[in-house]
Amino acid sequence: MTHKKLGYLTGEYPRASDTFIQREVAALRETGHEVVTCSIRTTGQEHLVGPEQREEHARTFKVLDAARNPVRLLKAHLRWMRAPGRYLSALKLAWQTAPKGIKGRLYNLIYFLEAGIVAKHLEDQGVEHLHNHIAKASCTVAMLVNALSNLPYSFTIHGPDIFFEPDHWRIDEKTKRASFVACISDYCRSQLMCFSEPDQWGKLHIVHCGVDPIRYELAPHTSEHLLFVGRLARVKGLPILFEALAELKDKFPNMRLTLVGDGPDRAALEAQVKEMGLNNVSFLGYRGQSEVADLLQTADAFVLPSFAEGVPVVLMEAMASGVPVVATRIAGIPELVDHGKTGFLVPPGDVASLTKAIRWTLEDNAQRKAMGEMGRDIVDFDFNAAREAGWLSTLIEAYGSGDTSLPKRRGLS
């Protein structure tokens, strides 16, 4: 079977915080697709933390870099001006879907210019279908690529932040024009249903982000080591975790917390840790996939006290390693974490509940082992990157041939 040649477009690729997209691209290539990756912005060196990121960075088309060449930009748009009706229709779409105000119009016109560059590059590469991740600005570009060149497109919608501003990002229009939409969870799908017409709901499918369980080994966890991986930003709820640590430090004198990641609140969080006298907290910054896998081998529990999430891939990585998780009961997390069986779910912002869940996890070795084993089985079955990429490939091929009868989720009839 010959698979379609795909284009992949995101705002910034590859990023250390979006390794699930790299895994999906790699799995699609294993499936038999040739994948041309495109990134609106050029990834900063701080994200190129491993060989996987550096290799993908080298082979990725950088849209803004290309668009800054006026000759290249003009040549791209001259190609699409050969069909003036379609060109003007695409320009009208950019204008009509722009956020309110002069700034919003200006940005959408910039996205239109970028779309001309992307459309030419993908046509020159013989791409047959374009897929977008993170349905914000880069998805606006993908929609305009479709309007300019008629190249079919789909996108993966994550949330939660895009649902805070659905009208700003016109997810209704993007959904209407897309061949189909991949939603990362049932919760995410239900939120998109709020902002799309009922006649579009049939093409909203569940495609989980996933991990490769083979990368992660089960190991004994008996060192009172807590691990967090994510952006150091307010939405992750880390001050709540620090308060829980302060409550537990006398009961677990050997307990330590390792924070992997970076972000706008790092300096403030480091200052808070120092002020609270928490000498058992380490800030490591960004780390590559292999380094995170190694850290998981030493962790007793993975803690994610977020206030807003989609379905965090870092929880899948922890569960694939046999590490029980403590997370907040929000959004799509309960679709991954089975409370009391693979970890504990607590109300967001609740120090007492978080403290209790961490204590329960650390003080029962047998329970921790059983939770870890069940968590790995769940990830292998329902959040396996290879299986999810296979399902995404099935959707792309089916919609490309005109078959729109596929179920919401793989394995369902």
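Select Phe20, Arg23, Glu24, His208, Gly210, Ala385, Glu388 and Ala389: these residues line the largest cavity. On a 1 Å grid over the protein atoms alone, a cavity is a set of points where a 1.4 Å probe fits but cannot get out, a pocket is an open set with protein on both sides within 12 Å along at least five of seven lines, and lining residues have an atom within 4 Å of a point. The model is predicted: local features need pLDDT of at least 70 and side-chain atom pairs pLDDT 80 or more, whereas totals for chains, interfaces and linings use all residues. Residues are numbered from 1 along each chain as its sequence is written, and side-chain values use heavy atoms, without hydrogens and water.

The volume of the largest cavity is about 40 Å³, a volume being the space filled by probe spheres set on grid points joined across faces, edges and corners. Colour helix H1 (19–31) and helix H16 (385–400) next; each supplies at least two residues of this lining. Helices (H or I, at least four residues) and strands (E, at least two) are DSSP runs, numbered from the N terminus.

Finally, move to the largest pocket, with about 1,200 Å³ of space. Arg15, Ser17, Asp18, Phe20 and Arg231 are the closest to its centre of 45 lining residues.
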